[in-house]
Amino acid sequence: MKEFYDFFQNEELYPDLDVEGAVQRLSRAVQFKTVSDNPDAQPFFDLHEHIKASFPHIMQAGTFEAVGRSVLITVKGTDEGLKPALFMSHIDVVPVVAGTEADWTHDAYSGHVDGTFIWGRGTQDIKVQVFGELEALEYLLAHGEKPQRTVYLAFGQDEETFNTGAQAISDLLKSRGITLEFLVDEGGGGISKGSIFGAPETDISNVCLMEKGYADLKLTVESKGGHSSRPFGGTSLERLARAITKICDDPFPPQLSGTLKATFRALQPYVTEEPLKTLLQDIDGNEEKLADYCLHDEHLFPLVITTIAPTMIEGSSAAPNVMPQNMSAVINFRLAAGYDPEKLMAHCRKAVDDDSVKMEFLQANASSAEARSDGYGYAKLVESMSHFYTGLVFVPAITVGGTDAHCYEQICDTCLRCGPMMSPEDESAAHGTDEKIRIRAFAQGIRTLIHLMENTCIHP
């Protein structure tokens, strides 16, 4: 049976890569508590200074701009006829769940290095990619290379919450008249069996072309409360529960996005199991059947539908014989391709059909555009990934989570989400306890990024 790291190849390339130094620089970066909603901005600015001090060739060749707490680095290319490339990620991290601090093998912000792993928040999500991109560009510049294509490095400050940092950078670049050839962000990557697609003998890795939209819908019901023996008209809890149920009982219709069709087309030659083997012989003709098949599969259903997940409720009574007064709940939606917040709100209002239930978005954005998979950026990314990871079929895919990449759609039609640092799921714990990255995986990701930058920006 093939082990995870058997997929690694060409690890001997770039033999003078300073892996030990890269590990120490990432370790130090983890120690800055750049939690997204931290009211103290200083950890972010301390991380900025760490970046400036750690990458002298980038600082000499390029310009460093603080955009709020976010970072934009520009290294100008010699050929103004080439559209720039942007390599991005984010410097914020999620907080440690209160009460779980002692569960960590090493403190979450220690950046502990044990010879095998680097431990702490950001080692998976996603300072590892921030520093991988910095290390790759520094390596090329330190070897006397000069980019023909302008290189941007963009690191947002609040990807885990509101994406305002990435949006500010995107708006800044747009105001300067910049359009990008392609960008690479986190998301995708990884290695999994093609079993859920009926291809159990095939190992796949995703290059995500789009992300679903996101919405937190707050429902509020107000009442006077009172004694539970007089529940005339129903309690606020009852009315709120009924509204939630009506929304959940009125699901959105399934559909195949262009990206999911591209996934199926890429995997079709490898699919051996029915019914997908037959259905994929005519993807367009069997579109409804494929959508229905996905809808009833626990792994595939998020790819074809706007998901509905009630997650929070507040305001219940402190005693069983007292009716609650004002109550609220939050439903989280992940919007499928083509859905926007306005369409979602209209759907929910129609389903509830009760004007006494107030509805408002706490946060909402539409599904992203579907990036091009037929152009230069996609081909070059797959080429570099394939150079360092063998035996994989790279497929265009959908990410059901969110990234900063969608903020750049106004200046880029090829927003690619693919993390080059590959780790087994049981080693990552992203957002969880004992988040860590294997040093070997970090080094291989840096090599991949060097190769990609070299072949797209240095010698395009």
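Trainee: What should I know about the model before reading it?
Mentor: The model is predicted, so local features need pLDDT of at least 70 and side-chain atom pairs count only at pLDDT 80 or more, while totals for chains, interfaces and linings use all residues. Residues are numbered from 1 along each chain as its sequence is written, and side-chain values use heavy atoms, with hydrogens and water left out.

Trainee: Which strands make up the open sheet, and in what order?
Mentor: Strands (E, at least two residues) and helices (H or I, at least four) are DSSP runs numbered from the N terminus. Two strands pair if DSSP finds at least two bridges between them. Here the open sheet has four strands in the order β11-β13-β9-β14, paired antiparallel. β11 (307–314) and β14 (358–365) are the edges; each has a single partner strand, so one side of each lacks a neighbour in the sheet. From one strand to the next the twist averages 20°.

Trainee: How many bridges join β9 to β14?
Mentor: Seven bridges link β9 (residues 213–221) to β14. Thr220 stands opposite Lys358 in β14.

Trainee: Which helices lie across these strands?
Mentor: Axes are lines fitted to C-alpha atoms, for helices over the stretch in contact, and angles run from 0 to 180 degrees between N-to-C directions. Contact means heavy atoms within 4.5 Å. Helix α6 (residues 236–248) lies across β9, β11 and β13 (327–335), at about 10° to β13. Helix α10 (residues 341–352) lies across β9, β13 and β14, at about 155° to β14.

Trainee: Are the residues of β5 buried or exposed?
Mentor: Buried means under 20% relative accessible area, exposed over 50%, and partly exposed in between, with a 1.4 Å probe and protein chains only. In a regular strand the side chains alternate between the two faces of the sheet. In β5 (residues 151–156), six of six residues are buried. Val151, Leu153 and Phe155 cover one side, and Tyr152, Ala154 and Gly156 the other.

Trainee: Which strands pair with β5?
Mentor: β2 is joined to β5 by five bridges and runs antiparallel. Strand β3 (residues 85–90) is joined to β5 by six bridges and runs parallel.

Trainee: What kinds of residue line the second largest pocket?
Mentor: Ala, Val, Leu, Ile, Met, Phe, Trp, Tyr, Cys and Pro count as nonpolar, Asp, Glu, Lys and Arg as charged, and the others, Gly among them, as polar. The lining divides into seven nonpolar, four polar and three charged residues. β9, β11, β13 and β14 each supply at least two of the lining residues.
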